[in-house]
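Here is a short walk through one protein model, written to be read with the structure open beside you. Take it section by section and look up each residue as you go.

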Amino acid sequence: MPVSLHDGHSGNGSTPFWKRLFSDTGFAWEFRMRPGDAEGFFAPTDAGGSLLAETNKWLDADEKLYTAVTPAGKALVEAAWDAALGWGHVEDPGEGGRDLAGLARRWEPDILLLDHATMSVAAGCVCMPSSWDLRHAAGKPLHAVHDLVPRLNPEIGKQIGRFLARVQPGKAFCRENWSLTRSAERNYHPRLGRPRLDETVTLDELFLRVEHQLFTGVPEGVLMGIRIEVCRLAELAADPEVWRITMEKIRTMPDDVAAYKSMDTARDAIVRVMEGWAD
């Protein structure tokens, strides 16, 4: 079910999250990293029961589709377990039970682990991906993974690389990534064939999908957590300025980026329905 976007993991929990989701400029890939709270981000939430039930459903259906561990990732999985146990978020399963899927079944956010030595995706469990497949990223350097995202590496790729290379244990930082979808489903794995945006889309079918991302250091690497929040796009119309800024982001999105975000055939229709609502 869709949930309203609020600062539950990075603020006071009362300000609508979209108040600071977009800068007042045309579309561009934005770094916008800020200090975060790793322990709070990964901590259990009121929605934890439903989140973990959904994670377990997808892992039961096809664990290999949603998890990956490279040889370099094995030690990082242990480090992630140490973090979760140290924060008191999970119980120790005992000898032989500290694998990646076992942690994912107990910890709410999706997990990615980056190897500092190679700056590659060393391990992960992503049961609620935003239209990408973890198996295509596992073992690849981050810049190679980002090569699939139009304009991202030229615009902010070096900034991302420098930042991740400096993330140390005890430090945490967070940011957001956004997209639009035609349903409120959290799992948008390409294999599932979710409804696609096209020129027939209506405002009632449009959802704002936000990835809350947190990065914290672990020994020899970086632990990344991802939480998904979804709301009806129409909710943003409660704030005319946010509505205008959002519309401008969509209007000025380059064609190749729109195609990457599966919005190329729907972009004009989305702007049109947003303009009609504003009128």
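## Salt bridges

E185 is partly exposed, because its relative accessible area is 36% (buried means under 20% relative accessible area, exposed over 50%, and partly exposed in between, with a 1.4 Å probe and protein chains only). E185 forms a salt bridge with R194, and their closest N and O atoms are 3.7 Å apart; the term stands for a side-chain nitrogen of Lys or Arg within 4 Å of a carboxyl oxygen of Asp or Glu. As a general point, side chains of opposite charge can pair when their charged atoms come close. By this rule the count is 18 salt bridges.

Helices (H or I, at least four residues) and strands (E, at least two) are DSSP runs, numbered from the N terminus. E248 has a relative accessible area of 30% and is partly exposed, and R251 is partly exposed too, at 40%. R251 also forms a salt bridge with E275, where the closest N and O atoms are 3.2 Å apart. That pair links distant parts of the chain, since E275 lies in helix α9 (residues 267–278) and R251 in helix α7, 24 residues apart. E275 is partly exposed, at 32% relative accessibility.

## How to read the model

This is a predicted model: local features need pLDDT of at least 70, side-chain atom pairs count only at pLDDT 80 or more, and totals for chains, interfaces and linings use all residues. Residues are numbered from 1 along each chain as its sequence is written, and side-chain values use heavy atoms, with hydrogens and water left out.

## The sheet

Seven strands make up an open sheet with antiparallel pairing, in the order β1-β5-β6-β7-β3-β4-β2. The edges are held by β1 (34–35) and β2 (67–69), each with a single partner strand, so one side of each has no neighbour in the sheet. Two strands pair if DSSP finds at least two bridges between them. For β5 (residues 172–181) and β6 (residues 207–218), there are 10 bridges in the antiparallel sense. L180 has L208 in β6 as its bridge partner.

## The nonpolar cores

L180 and L208 return in the largest nonpolar core, which has 59 residues; they are among those with the most contacts inside it, as are L164, W178, L233 and I270. Such a core is a set of buried Ala, Val, Leu, Ile, Met, Phe, Trp, Tyr and Cys residues joined through side-chain atoms within 4.5 Å. Strand β7 (residues 221–232) gives the most to this core, with six residues. Apart from it lies another core, of 29 residues, including A38, A79, A122 and C125.

## Around V126

Is V126 buried or exposed? V126 is buried, with a relative accessible area of 3%. V126 is found in the loop between β4 (120–125) and α5 (142–146). Its contacts (heavy atoms within 4.5 Å), leaving aside neighbours within four places in sequence, are Y66, D110, I111, L112, W132 and L134.
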